[in-house]
Amino acid sequence: MMDVNIHPSWKEKLAIEFEKPYFKNLVTFVKKEYASRTCFPPGRQIFSAFDHCTFDDVKVVIIGQDPYHGVGQANGLCFSVADRIPHPPSLINIFKEIESDLNLPYPKSGNLERWAKQGVLLLNATLTVRAHHAGSHQNKGWEIFTDSVIKIISEEKANVVFLLWGGFAKKKVKLIDQEKHDVLTTGHPSPLSANRGYWFGNKHFSRTNAILDKNDKAEILW
């Protein structure tokens, strides 16, 4: 379940990680959890962020923390939910900001595969979670793996836009070469942060497109 279903472009870049002891221990842990508990996302979607956005295509990175832990929500892309699933509060606030920033209608679907296919890597720091237990798979090795992903992007690519939302994501700035890449930071889109004035008005979506345009890259259709 863990050693398949990652795009060849990433498999090549991350091959060395898959051989490290921490990752082998992580695989053992995750397989045991999925065999004995209800966990999310479904096994085949654990690496969806990589399957929908190849290494070569990455031009924007959004960093989340944990998959959604409610039934049917998580689909392997941070902040995203499957079609026809009600939008969680953070995603609602993301879409509201897009509405006001870009004067676009509120999207019907919360499935962000449409972003991933345009080069937006929607990366949770932890790629799995036990049902109804937020953070239950943290500190098991996932963060080492996803930090390595960020470092590889930073080292091997140029002119990527990193969107760091909230305190947790902002800590990842130390992994990013800001001489080569653009980093935009703001508060987390969760109601707790957004209602205190730390999210709305950040204009990250128009600002991202302006940076992409400046670097002769296609803008994202948010």
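Helices (H or I, at least four residues) and strands (E, at least two) are taken here as DSSP runs and numbered from the N terminus. The model is a predicted one, in which local features need pLDDT of at least 70 and side-chain atom pairs count only at pLDDT 80 or more, while totals for chains, interfaces and linings use all residues. Residues are numbered from 1 along each chain as its sequence is written, and side-chain values use heavy atoms, with hydrogens and water left out.

Arg84, in the loop between S2 and H4, has a phi near 70 degrees, a positive value in a residue other than glycine. Arg84 counts as exposed because its relative accessibility is 80%, where exposed means over 50% relative accessible area, buried under 20% and partly exposed in between (1.4 Å probe, protein chains only). Lys203, which is not a glycine either, has a positive phi of about 55 degrees; Lys203 sits in the loop between H8 and H9 and, at 42% relative accessibility, is partly exposed. Most residues other than glycine have a negative phi, and most peptide bonds are trans. The peptide bond from Phe40 to Pro41, however, is cis, with omega near -5 degrees, and Pro41 belongs to the loop between strand S1 (39–40) and helix H3 (48–52).

The loop between helix H8 (191–194) and helix H9 (204–214) also holds Gly201, which is exposed with a relative accessible area of 51%. Gly201 and Lys96 lie 105 residues apart in sequence, yet their C-alpha atoms are 9.9 Å apart in space.

Not counting residues up to four places away in sequence, Trp115 is in contact with Ile62, Ile94, Phe95, Ile98, Val120, Leu122, Phe205, Leu221 and Trp222, contact meaning heavy atoms within 4.5 Å.

On a 1 Å grid over the protein atoms alone, a cavity is a set of points where a 1.4 Å probe fits but cannot get out, whereas a pocket is an open set with protein on both sides within 12 Å along at least five of seven lines, and lining residues have an atom within 4 Å of a point. Grid points are joined across faces, edges and corners, and a volume is the space filled by probe spheres set on the points. The largest pocket holds about 350 Å³ of space. Its lining has 22 residues, and those closest to its centre are Gln65, Asp66, Phe79, Ser90 and His188. H7 supplies the largest share of this lining, four residues.

A search of the whole structure finds one cavity of 30 Å³ or more, and the largest cavity has a volume of about 60 Å³. Among the residues lining this cavity are Pro41, Pro67, Leu77 and Asn124. Asn124 lies in strand S3 (residues 120–124) and counts as buried because its relative accessibility is 6%. Leaving aside neighbours within four places in sequence, Asn124 is in contact with residues including Gln65, Pro67 and Leu77.
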